[in-house]
Amino acid sequence: MNTRKQYVRPMDGWWLKNPFYVRYMIRESTSVFVGIYAFVLLAGLLSLASGEAAYNDWMAAMTNPLVILFHVVALAAAIYHAITWFAVAPKVMPPLLTGKKRVSDKTITIFHYVIAIVLYLVMLGIAWKV
Amino acid sequence: MTDTDKTIEIEVLRYRPEQDKEPVWQSYDVPFSNDMSVLQGLQYIKDYIDGTVSFRWSCRMAICGSCGMMINREPKLSCKTFLREYYPGKLRVEALAHFPIERDLVVEVRDFISKLEGIKPYIIPREPRTLEQGEYLQTPTQRDRYEQFSSCINCMLCYAACPQYGLNSEFTGPGVLALLHRYNEDSRDGARADRMQIVNAEEGVWGCTLVGYCSEVCPKQVDPAAAVNQNKINSTMDYFLRFLFPKGGASK
Amino acid sequence: MMAKRSNEPIFWSLFGAGGVIVAFILPVIIFITGLAVPLGMLPPEVMAYDRIHAFAANWIGKLFILVVISLTLWHAMHRIFLSLHDLGINWGRTFFRWLCYGIALLGTLTPLFLLIRI
């Protein structure tokens, strides 16, 4: 007599059940804020193409407190994206060899941070020098 | 040898298809000592408290891959996990996630096995040699390219970790793709083009969203996430360069 | 048994390029345009119409603006599309695919069109 009856467990709410998964979902959600920001820039570009008055309206809208709050969140999202991006970058690259020794994942991540920070400082420097 | 008074509570998700409609938690108090593994705790339950508890195990030393299960919601080998990590709190032990439960802590592994068979997990010689020609030679650098991926013990913890596999069991999954990579990266093997068909499919590497939990839980540091994602690069190159190099693809 | 080759490489490549832009360039751009200038940490001249217009008139500026807007959207929409599956939304895959990548395409053609005219 066959008494087998396999039980399949549901996946509902799977990502709430482990902090690793929660962090993954937060990482994925950064794309929502970053995507909205791209539209903010697009709106700016549209206003730029429409003349000085329209552009200044866009600049004024950017000072709205709710808009500023959005940008605080968007900045946090972009930074969290960068942190998680640099953490997984070594996984996407084939093994790099310096001579005979393999470059470690940690080294590759640190290298990304160095480049990023240099780039950030250069861009901020250009903005501030103006 | 146990400290006389210390006990630890182990709660096991029971499922006996002949009597249970659904899995149900059952608690046991197990004598605790610092050197006991979760596996030993389960063996104590089976030997002295409740002989009906079913679970797989074999080597007791994290090399056979039999004893994978969820311990407080984390995929672990029960022989490599110690009660002291949880004491005096309680342990909740459940069958390996994302697989159908056969009974108690025993899961259906057929899907993993058939996927493993599908990738041709053996060396298909690039340049076959006869016995008289002697060994296939390989430098330490060549061996380095695949060695970590050869450490896989088929324990399936990575499948329990992978939510994409849990959401869609068509996904080839981390362990099998890591083994695929092991053979592709072995200088003696010549079947890369064959295996690329599996890699390039939607259910191949493209089912992965780099959650990365697979590499986190792997007891042998295989890093399946790296194997899968390096093959995203290979698959992409194959996709775009296939028209330039029609025979056998552009990878390597 | 031959499994069908996926077209994911196209979208994954765009996703990857966009991810690089978001990680290396977006934080500073968000800071300058969204916080520093509106809050007065930087003088408004930094983003004055004449300056930005001149930047956008230059082909390097055009390329920069197009790349930042477009690739960010290819990155974001790909991730959002995949997240629908993570959240258990399995219906309407084809519809959502067209919607998500359609938005990214719109977010590529629109700035392209605008920048050509500036």
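Trainee: What percentage of the 118 residues of chain C count as buried?

Mentor: Bear in mind that this is a predicted model, where local features need pLDDT of at least 70, side-chain atom pairs count only at pLDDT 80 or more, and totals for chains, interfaces and linings use all residues. Residues are numbered from 1 along each chain as its sequence is written, while chains are lettered from A and ligands numbered from 1 in the order in which they are written. A residue is buried if 20 or more other C-beta atoms, placed from the backbone, lie within 10 Å of its own. For chain C, the share is 41%.

Trainee: Which pattern does chain C follow along the sequence?

Mentor: Helices here are DSSP runs of H or I with at least four residues, and strands are runs of E with at least two, numbered from the N terminus. Chain C has zero strands and five helices. Read along the sequence, that gives α-α-α-α-α.

Trainee: What radius of gyration does chain C have?

Mentor: The radius is taken over C-alpha atoms, and the globule rule is 2.2 Å times the number of residues to the power 0.38. A compact globule of 118 residues would come out near 13 Å, but chain C has 18 Å.

Trainee: Which element gives the largest share of the side of chain C that touches chain B?

Mentor: Residues are in contact if their C-beta atoms, placed from the backbone, lie within 7 Å. Twelve residues of chain C meet 15 of chain B that way. Helix H1 (8–24) and helix H4 (59–86) of chain C each give two or more residues. The largest share, four residues, comes from H1(C).

Key. Two residues are in contact if their C-beta atoms, placed from the backbone, lie within 7 Å. A residue is buried if 20 or more other C-beta atoms lie within 10 Å of its own, exposed if 12 or fewer, and partly exposed in between; C-beta atoms are placed from the backbone.
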